Amino acid sequence: GGEQVDEQTAQEETEDKLKQCIDNLMDKSAKTRLAGLESLRQAFSSRVLCDFLSERRLTISDCLERSLKRGSAEEQAGAATVFALLCIQLGGGDEAEEGFKMLRPVLTSLLMDTSASIAARQSCARALGMCCYVSAAEDGEVSTASRHAHSSGNSLDNCHCPPASSQDLVKSLALLESVFMSSYANREGALPTAKPGGPGLHGAALQAWALLVTLCPPSKLTLLLDQHLPKLQECLQSNDVNYRIAVGETIALLVELGRDIDEQFEVEDSEGLCQCLKSLATDGNKHRAKNDRRKQRSIFREVLHYIEVR
């Protein structure tokens, strides 16, 4: 009996602290709101709180929307991160979908606002990808089902998502594409000069997009592979190590998805791709930081191994 009482007391204390954090999100002081966001981020990352949050999700969503619209760059970035974690806590289904519908317009607006801070826009890209994934993938069942669905035509009509989620998926994919495609090479094959913070934003959008691609049915996937794989191969020449890594990982994922649809799937110019991956996997360029070189070599060895192994 004593242990149960202790557990209940600990639970009540935790909930009281969380209630205080939620109250802090409404405080006039920006410092207090930031502290509240950070405490919620830590709590949402470390324990399951779905019952507690289910009763308070609308209040929290209202506070996060206010922070996204009116907060500083740091507050906006924190609010987007907490919202993604809130969606994960609530799980797939109506509650997550309702929350996503509520905050998607403000996340979208901030992501596309070129005058907003890069950190805030990166957080919005990640949140859009994660929240759309959670609301579309009922407990993760959609991913496998939709990938192996026999569908036809250029649509997601046969995606095993609820109709609303299917539309969310199409919109979110297009939105994230519009962000990272600005890193693609021009017709002459020259990559654009990166703006400060640009590669970080492109990488966040690309990784969020890659997550959502796993929900697409074969008909849509085939189109995406044809459209993006050749362009992404060119982006392996980017000057930014973290963006190169995000691109390499995305290429490996797309190849895997292509092979899921068709065992004989081959990358166009696979020889050129493997040569490029080999050079990145053995890169000894002294102009790059030692840790960057080590991280890049390790990841590209794995990507190369995966693409070469049939």
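Let's call a residue buried when its relative accessible area is under 20%, exposed when over 50%, and partly exposed in between (1.4 Å probe, protein chains only). We're working with a predicted model, where local features need pLDDT of at least 70, side-chain atom pairs count only at pLDDT 80 or more, and totals for chains, interfaces and linings use all residues. Residues are numbered from 1 along each chain as its sequence is written, and side-chain values use heavy atoms, with hydrogens and water left out.

**Exercise 1. Work out what the chain is built from and what share of it is buried.**

Step 1: get the elements. Helices (H or I, at least four residues) and strands (E, at least two) are DSSP runs, numbered from the N terminus. The tally for the protein chain is 13 helices and zero strands.

Step 2: apply the burial cut-offs. Of the 310 residues in the protein chain, 48% are buried.

Step 3: look at contacts, meaning heavy atoms within 4.5 Å. Take those with a separation of 6 or more: 72% of them are between residues 24 or more positions apart.

**Exercise 2. Describe how helices α11 and α13 pack.**

Step 1: The axes of α11 (residues 241–261) and α13 (residues 290–308) come within 10 Å and cross at roughly 15 degrees.

Step 2: classify the angle. Under 35 degrees is roughly parallel, over 145 roughly antiparallel, 65 to 115 roughly perpendicular, and the rest oblique. So α11 is roughly parallel to α13.

Step 3: find the hand. A crossing is left-handed if the near helix is turned anticlockwise from the far one by less than a right angle, and right-handed if clockwise. For α11 passing α13, the crossing is left-handed.

Step 4: list who touches whom. From α11, the contact residues include Ile245, Ile251 and Val255, while those from α13 include Ile299, Phe300 and Val303.

Step 5: sort by class. Ala, Val, Leu, Ile, Met, Phe, Trp, Tyr, Cys and Pro count as nonpolar, Asp, Glu, Lys and Arg as charged, and the others, Gly among them, as polar. The α11 contact with α13 then has ten nonpolar, three polar and six charged residues.

**Exercise 3. Count the salt bridges and look at three of them.**

Step 1: set the rule. A salt bridge is a side-chain nitrogen of Lys or Arg within 4 Å of a carboxyl oxygen of Asp or Glu. That rule gives ten salt bridges.

Step 2: take Glu55 and Arg56, whose closest N and O atoms are 3.3 Å apart. Glu55 is exposed, at 65% relative accessibility.

Step 3: Lys69 is exposed at 53%, whereas Glu65 is buried at 19%.

Step 4: move to Arg104 and Asp168, paired at 2.3 Å, N to O. Arg104 lies in α5 (residues 94–112) and Asp168 in α8 (residues 163–180), so this pair ties together parts that are 64 residues apart in sequence. Arg104 is buried at 16%, and Asp168 is buried too, at 3%.

Step 5: follow the links. Glu97, Lys101, Arg104 and Asp168 are joined in a network of salt bridges.

Conventions
Axes are lines fitted to C-alpha atoms, for helices over the stretch in contact, and angles run from 0 to 180 degrees between N-to-C directions.
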